[in-house]
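The sequence and structure are shown below.

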Amino acid sequence: MKRYRNGEIWDFEHEMPVSPDGSEVVLGLDGGTTSTVCVCMPFFPLSDRPLPDPVPVLARAVAGCSNHNSVGETAARETLEQVMADALSKSGSNRSAVRAVCLAVSGVNHPTDQRRILSWLRDMFPSHVKLYVQNDAVAALASGTMGELHGCVLIAGTGTIAYGFTEDGREARAAGAGPILGDWGSGYGIAAQALTAVVRAHDGRGPQTALTYSILRALSLSSPDELIGWTYADPSWARIAALVPVVVSCADAGDEVANKILLESVEELASSVKAVVQRLGLCGEDGKGSFPLVMVGGVLEANKTWDIGKEVVNCIYKDYPGTLPIRPKVEPAVGAALLAWNFFMKEAHK
């Protein structure tokens, strides 16, 4: 059932009184391959004062995947609408109080993607609301730079992408083309290589590995032959990527095959960042200039002995010693809300 602008998804607005103090809000959405998060943040009308630290969040809502390439346009649209309605309902606000929305979702790779999603948003919100659509990597960058678009972000979760911006508005990306076109270094890429290693070992085409026992145990399977049925029964990206902790555990225990997979992922992730930095000249003419590198995603988090994020930075340092790694203090959805506020203010002061 389609539930658009005046549908039941917004029924809570009929019972909600108009805010007596005229409080206004902005919405920020981070939509990845696994989940979609929406935060509702107060609208700050003065741009010449620094934003509060920490940034106040009035409400937060979570829903499923909103990547239209993964779940289809209808499901993506309904997910986005539901999560925004939930956030507004929890905050005690409604659509008339919204000043700006920044929706940052994976799968926005071309202006046609932006136009499509903007048309969805226009159906959902009053005409006074400013609407912005970006790739989810842009919100991740903003989460580490407090809404400023300068530097590079590396996302390595279920998927991976490196995205960069210069202060004069140029941008570039690397990777992020999805698993079929080779998001190696991502959670999906790491886990898919591990599954392949198990099959190769079982066939006698590759070395024996502790991954075999560990993955079969994690999946409650009795034989590598059963991996084929398990994989193709539901080859969703997030389901495969969920095996990354098993790969890391085997690498921590000294398994050579698992360690090789992780080392290759480090090289892939670092090469994505280097490609963006080189294309945009973020490092300056001498290659030693400083630039922020925002790092986001579960793959980049430290484990017992393996710290993929640290190894990626060390690899980048060899070519670009001015790299300034940043682990964001706020989540990407807050970065998207900060972008909405910054975009609105820049337009208002033109």
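This is a predicted model: local features need pLDDT of at least 70, side-chain atom pairs count only at pLDDT 80 or more; totals for chains, interfaces and linings use all residues.

## The largest pocket

The largest pocket holds about 1,000 Å³ of space. It is lined by 47 residues, and those closest to its centre are Asp-136, Ile-155, Gly-157, Thr-158 and Gly-159. By class, the lining divides into 19 nonpolar, 20 polar and 8 charged residues.

Several secondary-structure elements give two or more residues to this lining: the helices H4 (136-145), H5 (187-203), H8 (237-241), H9 (244-252) and H12 (332-348), together with the strands S7 (160-165) and S9 (291-296). H8 gives the most, with 3 residues.

Helix H3 comprises 14 residues, 111-124. The distance from its first C-alpha to its last is 20 Å, close to the 20 Å expected at 1.5 Å a residue.

Which residues of H3 are buried? They are Asp-113, Ile-117, Leu-118, Trp-120, Leu-121 and Met-124. Because these residues cover an arc of only 155° around the axis, they lie on the same side of H3. An α-helix has 3.6 residues a turn, so residues three or four places apart point the same way.

On the face of H3 turned away from the buried side, Arg-115 and Arg-122 are exposed.

Note on methods
Residues are numbered from 1 along each chain as its sequence is written. Side-chain values use heavy atoms; hydrogens and water are left out. On a 1 Å grid over the protein atoms alone, a cavity is a set of points where a 1.4 Å probe fits but cannot get out, and a pocket is an open set with protein on both sides within 12 Å along at least five of seven lines; lining residues have an atom within 4 Å of a point. Grid points are joined across faces, edges and corners, and a volume is the space filled by probe spheres set on the points. Helices (H or I, at least four residues) and strands (E, at least two) are DSSP runs, numbered from the N terminus. Ala, Val, Leu, Ile, Met, Phe, Trp, Tyr, Cys and Pro count as nonpolar, Asp, Glu, Lys and Arg as charged, and the others, Gly among them, as polar. The expected span of a helix is 1.5 Å times one less than its number of residues. Buried means under 20% relative accessible area, exposed over 50%, partly exposed in between (1.4 Å probe, protein chains only). The arc is that of the directions from the helix axis to the C-beta atoms.
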